Amino acid sequence: MIEIEFRNVGKSFVDRQTSQARAAVTNINLSIRSGEVVSIIGPSGCGKSTLLNMGAGLYLPTHGEVLVGGERVTKPVRKVAFMLQKDLLMPWRNIRANVSLGLEIDGVNAAERKRVADELLAKCHLKGFEEHYPYQLSGGMRQRAALARTLAVDPQVLLMDEPFSALDAQTKMVLQQDLAKMLYEKKKTALFITHDLVEAIALSDRLLVMSERPGTIIEEIEVNLPFRDNPLERRKLPEIGPLQGRLMELLKVGKETAELH
Ligand SMILES: Nc1ncnc2c1ncn2[C@@H]1O[C@H](COP(=O)(O)OP(=O)(O)O)[C@@H](O)[C@H]1O
Ligand SMILES: [Mg+2]
């Protein structure tokens, strides 16, 4: 089953200086199967966040349509969760109360909220921190809490916009491991944006490479490697280096600096 579909999608924004509409992304055709994890990589400003915002129903496309579960997205929907680089935890709520916010909005009773939140916090290695406040946690712990909050409403689709890019390398690898296990066990569908090429390879079934603005998909690569549930093991495979090299070529990493010398 196709879970997310972009059909001939384009999005333009009005340029403040010229007052003209200018395309941010163009001609996006993309289908993501249920349970598939797909990463998007591309230069800054090529429209990656714009694409995700359209998937979340926060932006409407200028052309074409976005479907989730076969239905056209025109506003945020329950089955889709969005996770950003910023953890956006509420400073006045403790970690358990932050994680269970979505359930509270849904009218779930207090005992059940506590059960769900504490179970997820344990899975995200935050047992014992349920009653701490966000300021008492490190950046990595806060991002784990944000992950638990994202999962608490049991979304079918996760849209993640560089969720680990503010973390140090080791913390990031541990969080990737937790995320990958949960996505795999719960058969979630995910569209993930990252600048980290190895992170994309370690976590995904498929990679999409975008061009510069106006962004469009210039290459699709099936990862076809074992250990989708275990990125730490996948990182050790000999195929990682060549695949990373191919992505660097597509993104022209190093070409511009080479021209400057
Ligand atoms: N709300 C907006 N209004 C005007 N321009 C926008 C808006 N959102 C994004 N853009 C522009 O669209 C382009 C793509 O932005 P974005 O999707 O954030 O890129 P990326 O996430 O790939 O870095 C950028 O040039 C950006 O300035
Ligand atoms: Mg972005």
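Which residues lie nearest the centre of the largest pocket? In this predicted model, they are Val-80, Ala-81, Phe-82, Arg-149 and Val-153, out of a lining of 22 residues. The space in this pocket comes to about 620 Å³. By class, 15 of the lining residues are nonpolar, three are polar and four are charged. At least two lining residues come from each of β6 (80-83), α2 (95-99), α3 (101-105) and α5 (139-152). The largest contribution is that of β6, which gives four residues.

Two strand pairings involve β4, as set out below.

| Strands | Residues | Sense | Bridges |
|---|---|---|---|
| β1 and β4 | 2-14 and 63-68 | antiparallel | five bridges |
| β4 and β5 | 63-68 and 71-72 | antiparallel | two bridges |

On the β5 side, Leu-67 has Arg-72 as its bridge partner. The hairpin formed by β4 and β5 has two residues between its strands, and Gly-69 there adopts a positive phi near 55 degrees.

Is Lys-172 buried or exposed? Lys-172 counts as buried, because its relative accessibility is 13% and the cut-off for buried is under 20%. This lysine sits in helix α6, which spans residues 169-185. Leaving aside residues up to four places away in sequence, Lys-172 is in contact with Phe-164, Leu-167, Asp-196 and Glu-199.

Note on methods
Residues numbered from 1 in each chain as written. Chains lettered and ligands numbered in written order. Predicted model: local features only at pLDDT ≥ 70, side-chain atom pairs only at ≥ 80, totals over all residues. Heavy atoms only, no water. Buried < 20%, exposed > 50% of the residue type's maximum accessible area, 1.4 Å probe, protein only. Contact = heavy atoms within 4.5 Å. 1 Å grid on protein atoms, 1.4 Å probe; cavity = no way out; pocket = protein on both sides within 12 Å on 5 of 7 lines; lining within 4 Å. Points joined across faces, edges and corners; volume = space filled by probe spheres on them. Nonpolar A, V, L, I, M, F, W, Y, C, P; charged D, E, K, R; others polar. Pairing = 2+ DSSP bridges.
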